[in-house]
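Here's a short tour of how one protein model is put together. Take a look at the structure first, then read on.

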Amino acid sequence: MHAGADFTVTDSRRYKMGKLTDRVAIITGGANGIGRATAIRFAKEGAKVIVWDVQKAMGLEVVALLKEMGLPAVFREVDICNTASVKSAAEEVVKEFGQIDILINNAGIVRDASLLKMTEEQFDLVLDVNLKGAFNCTKAVAPYMVARGYGRIVQSSSIVAHYGNFGQTNYVAAKAGVVGMTKVWARELGRKGITVNAVSPGFIATDMIAGIPESIVKSMSEKIPLNRAGTADEVANVYLFLASDEASYVNGAVINVDGGSVI
Ligand SMILES: NC(=O)c1ccc[n+]([C@@H]2O[C@H](COP(=O)([O-])OP(=O)(O)OC[C@H]3O[C@@H](n4cnc5c(N)ncnc54)[C@H](O)[C@@H]3O)[C@@H](O)[C@H]2O)c1
């Protein structure tokens, strides 16, 4: 049943062979970057994909693309900082699809500034989205997973959580917090049939790093053992593994997807 899918065939019946066949997966931040790549990858593996994002036009575009391929997908405009909106969006998913199997806590933002220049607003906003957003989504979704005795929760940290980064007090605090929450929830929810893991991406070519000058991108890439930035698909591949049954005995892990940046 979980033999490899044939990606050259866009017939939806063929995707029934996928690693996530009939799984219901919520992907936060699925309108762009890593989340978008994940939505497409998961749908091709047979999942029913629900994209939660604040970027409506881009979210609808992802869903339209999937529907063209005959794959089920839904977009909901959800700000993960808004506790009430997240809760009702989770209720809506269960009403429509009957269950939630997978939550990918992927949405994130940066507001970089050195400590001496960082404003309280910049600090609070990044903590709100990257840390509390993951808390809100997990809190809203976990009861449904507990009730069925099955769930896969995958979070997005960052390698900077492990070594710090100039200008990222807020982001590093949030991403280190994500690692902490991953370990707590892995302990609390493991006995309920739910695994909780995280990925720590390194330098990944998405809009998040699009503003970085080319010369700096080049010098950062040269420091990576694989000598290049990663792609959104390369992170989506690891989300997929952790969300699939192949990762059934992986719990509380934090997997670097960084081309060897942190060894
Ligand atoms: N790109 C990198 O180099 C890198 C490195 C390490 C970690 N990450 C992490 O990977 C994740 C994905 O990043 P990306 O590079 O794809 O970024 P991205 O900017 O391309 O995508 C992030 C998505 O999150 C959405 N989002 C932002 N705030 C939201 C909110 N309040 N509610 C709902 N959705 C919201 C955005 O609209 C966007 O679609 C983030 O958590 C990021 O911190 C990225």
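## Two helices side by side

Helix 4 (residues 120-148) and helix 6 pack with their axes 8 Å apart, at an angle of about 15°. Helices here are DSSP runs of H or I with at least four residues, strands are runs of E with at least two, and both are numbered from the N terminus. The axes are lines fitted to C-alpha atoms, for helices over the stretch in contact, and angles run from 0 to 180 degrees between N-to-C directions. So helix 4 counts as roughly parallel to helix 6 (angles under 35 degrees are roughly parallel, over 145 roughly antiparallel, 65 to 115 roughly perpendicular and the rest oblique).

By class, the contact of these two helices has 15 nonpolar, six polar and one charged residues. Ala, Val, Leu, Ile, Met, Phe, Trp, Tyr, Cys and Pro count as nonpolar, Asp, Glu, Lys and Arg as charged, and the others, Gly among them, as polar. Contact just means heavy atoms within 4.5 Å. Among the residues that meet are Phe 123 and Leu 127 in helix 4, and Met 181 and Trp 185 in helix 6.

## Where the model comes from

This is a predicted model: local features need pLDDT of at least 70, side-chain atom pairs count only at pLDDT 80 or more, and totals for chains, interfaces and linings use all residues. Residues are numbered from 1 along each chain as its sequence is written, and side-chain values use heavy atoms, with hydrogens and water left out.

Seven of them make an open sheet in the order 3-2-1-4-5-6-7, with parallel pairing (two strands pair if DSSP finds at least two bridges between them). At the edges sit strand 3 (73-77) and strand 7 (254-257), each pairing on one side only. Neighbouring strands are turned by 20° against each other on average, direction ignored.

Helix 6 (residues 169-190) packs on this sheet and touches strand 5 (151-156), strand 6 and strand 7. Its direction makes about 160° with that of strand 6.

## A link across the chain

How many salt bridges does the structure hold? There are 11, each being a side-chain nitrogen of Lys or Arg within 4 Å of a carboxyl oxygen of Asp or Glu. One of them pairs Arg 23 with Asp 101, with the closest N and O atoms 3.7 Å apart. Arg 23 lies in the segment before strand 1 (24-28) and Asp 101 in the loop between helix 3 (83-97) and strand 4 (102-105), so the pair ties together parts 78 residues apart in sequence.
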